[in-house]
Amino acid sequence: MDLRYLEYIVEIANQHSISRAADRLFITQSNLSQYLSRLEEELGTKLFDRRRNDMTLTTAGTLYVDTCRDMLLKKQDLYNQISDIAQAKTGNFSVGITPQWGAAAFSRIIGPFKRAYPNIQVSVLEETAEPLTYALLDNRIDMAIIPLASPSALPQNGIMLAVEELLLAIPKAHVESLNLLLHYIEGEFPTVDIGALAQEPFIFSQSGTTIRKLENICFSSKHIFPNIIAEINSHPASLFMVEEQLGATFVPVSCAAASDKIQYAHVSPSVQWFVAIAFRKGFIPRQSEEYFIQLAQKFYNNSFHDMAMPEL
């Protein structure tokens, strides 16, 4: 069942560009452009409005692309079901993950999955949580591992995997200079009131990310405007900046690396996010996808119950 020409139009819609779509499809730009022109001539209408650096779907184009996506999903589901019947363990599915944190988790899950299903192809889309949610709504991916700001944001067909705390990482030299009162409980991280950090420089995540939403909520609860000196989504980079005594940052427990230059602490009010796996509408997992989901559940259950904390 050859539906690759449907994939061509869908990819142009995804990329908003013939050149970018051609690169992703590994075909020439001229061939893709000629195919689109022939198709529009056959249909008697334009599928895309063309601007200098952007291509957007017309009303007819939206109808055409939505139908293409449905047909491609039906093909994938059909092939997957036939593979299960034949016990061939072949097929493919797509997963959305967030950069850094999500990629680290995926790297731990994909190893045991590929050992069990070596002939299943898993394609990956790396984006922040909001674009991944839209990708699910558009049926561009089958599932996504995403962090949520609250449990109420869990999609109707999603599964909650874990709750993870975000720790404060502050230069040890700043702890001394600010005379912070760190409240210790033996064997745990100390706790610091966020109100004591009104003047501390902060490295925040970029706007639109889940962690940035949580950072904003934490400070606004104390009616504080944070002193943001940098915005970056890389936890290793932000922790390096903490070691360089540029300021403090928030980091998920799973990304907190031990350092003799960093003081980790719980913050009051506490900051946490909710790790979930969400699915596109109508998604029915087959054996291999069920196994991938089970591995994700096992990974997060083990990670947040048995995780070794960085040394103080």
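Modeller: Helices (H or I, at least four residues) and strands (E, at least two) are DSSP runs, numbered from the N terminus; two strands pair if DSSP finds at least two bridges between them. This model is predicted, so local features need pLDDT of at least 70 and side-chain atom pairs pLDDT 80 or more, while totals for chains, interfaces and linings use all residues. Numbering starts from 1 along each chain as its sequence is written, and side-chain values use heavy atoms, without hydrogens and water.

Biologist: Which residue is the bridge partner of aspartate 193 in strand 11?

Modeller: Aspartate 193 is partnered by serine 268. Strand 7 (residues 191-193) and strand 11 pair in the parallel sense, over 3 bridges. Strand 6 (residues 159-171) runs antiparallel to strand 11, with 4 bridges joining them; here leucine 168 stands opposite alanine 265.

Biologist: Is strand 11 largely enclosed or open?

Modeller: A residue is buried under 20% relative accessible area, exposed over 50%, and partly exposed in between (1.4 Å probe, protein chains only). In strand 11 (residues 262-268), 6 of the 7 residues are buried, so the rest of the structure largely encloses the strand.

Biologist: Which residues of helix 3 are buried?

Modeller: They are Leu32, Tyr35, Leu36, Leu39 and Glu40. Viewed down the axis of helix 3, these buried residues fall within an arc of 130 degrees (taken from the directions from the axis to the C-beta atoms), so they line one face. Glu41 and Glu42, on the other side of helix 3, are exposed.

Biologist: What follows helix 3?

Modeller: Glycine 44 follows, with a positive phi near 75 degrees.
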